[in-house]
Amino acid sequence: MSIHHPHPEHRDALIDSMHRYGAALQGHEGLLSVHTLADARSERLVGLAIFTDREAFERLAPLARAAVAEDPFDQWESRETDGFALTEI
C-alpha cells in the first residue's frame, strides 16, 4: 500500500501513473487485485496491490516500478510517498 500526497495541479498525472503501475501488474500470476483509491477526507491517493504472497510481490513489483520509472514524483508530490508492506497477522 502506498499513500501519495499530490500537489493539486499534478493530481491527474499522478492518478495516471498509478493506473499505469497497476496495469503493469494485471494478468500476472500472483496478483490478487490492484486498486487506485482517493481518500474522501483529504487530497491523498492510495495505491493498494494485493498479492498471493511475498514471493509474488518481489517478482512482480519490478514490472510495475519500471512502468513508472521516469515519472517525476518529486515534482508531483508535496512529500515523500508513505509505503507499507503489510502482512496479515
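Is His4 buried or exposed? His4 is buried, with a relative accessible area of 9%; buried means under 20%, exposed over 50%, and partly exposed in between (1.4 Å probe, protein chains only). The model is predicted, so local features need pLDDT of at least 70 and side-chain atom pairs count only at pLDDT 80 or more, while totals for chains, interfaces and linings use all residues. Residues are numbered from 1 along each chain as its sequence is written, and side-chain values use heavy atoms, with hydrogens and water left out.

His4 lies in strand E1 (residues 2-4). Strands (E, at least two residues) and helices (H or I, at least four) are DSSP runs, numbered from the N terminus. The side chains of His4 and Glu77 are joined by a polar contact of 3.0 Å. A polar contact is a pair of N or O atoms within 3.5 Å; within protein, one must be able to donate a hydrogen and the other to accept it, and residues adjacent in sequence count only if both atoms are side-chain atoms.

Strand E1 belongs to an open sheet of four strands. The order is E2-E3-E1-E4, and the pairing is antiparallel. Strand E2 (31-38) and E4 are the edge strands, each pairing on one side only. Two strands pair if DSSP finds at least two bridges between them. Between E2 and strand E3 (residues 45-51) there are seven bridges, in the antiparallel sense. Ala38 has Leu45, in E3, as its bridge partner.

A pair of aromatic rings is described by the distance of the centres and the angle of the planes. Two aromatic pairs are present in the structure. In one, the ring centres of Phe51 and Phe57 are 5.4 Å apart and the planes stand at 70°, so this pair is edge-to-face. Rings of Phe, Tyr and Trp (its six-membered ring) pair if their centres lie within 6.5 Å; planes under 30 degrees apart count as stacked, over 60 as edge-to-face and the rest as tilted. Phe51 is buried at 15% relative accessible area. Phe57, at 22%, counts as partly exposed. The rings of Phe73 and Trp76 also form an edge-to-face pair, with centres 5.7 Å apart and planes at 80°. Phe73 and Trp76 are three residues apart in helix H3 (residues 73-76), so about one helical turn separates them. Phe73 is partly exposed at 27% relative accessibility, whereas Trp76 is buried at 10%.

On the surface, Met1, Phe84 and Leu86 form a nonpolar patch. Together they have about 290 Å² of accessible area, computed by the Shrake-Rupley method with a 1.4 Å probe; for residues, only the protein chains shown count as cover. Like charges are joined within 9 Å, and nonpolar side chains (Val, Leu, Ile, Met, Phe, Trp, Tyr) within 5 Å. Leu86 lies in the segment after strand E4 (82-83). Leu86 counts as exposed, at 61% relative accessibility.

Glu80 sits in the loop between H3 and E4. Glu80 is exposed, with 70% relative accessible area. The C-alpha atoms of Glu80 and His5 are separated by 7.7 Å, at 75 residues apart along the chain. Arg65, in helix H2 (residues 54-67), is partly exposed at 47% relative accessibility. Arg65 and His35 are 30 residues apart in sequence and 15 Å apart in space, C-alpha to C-alpha.

Conventions:
Patch = residues over 30% accessible without salt bridge, like charges linked within 9 Å, V, L, I, M, F, W, Y side chains within 5 Å. Salt bridge = Lys/Arg side-chain N within 4 Å of Asp/Glu carboxyl O.
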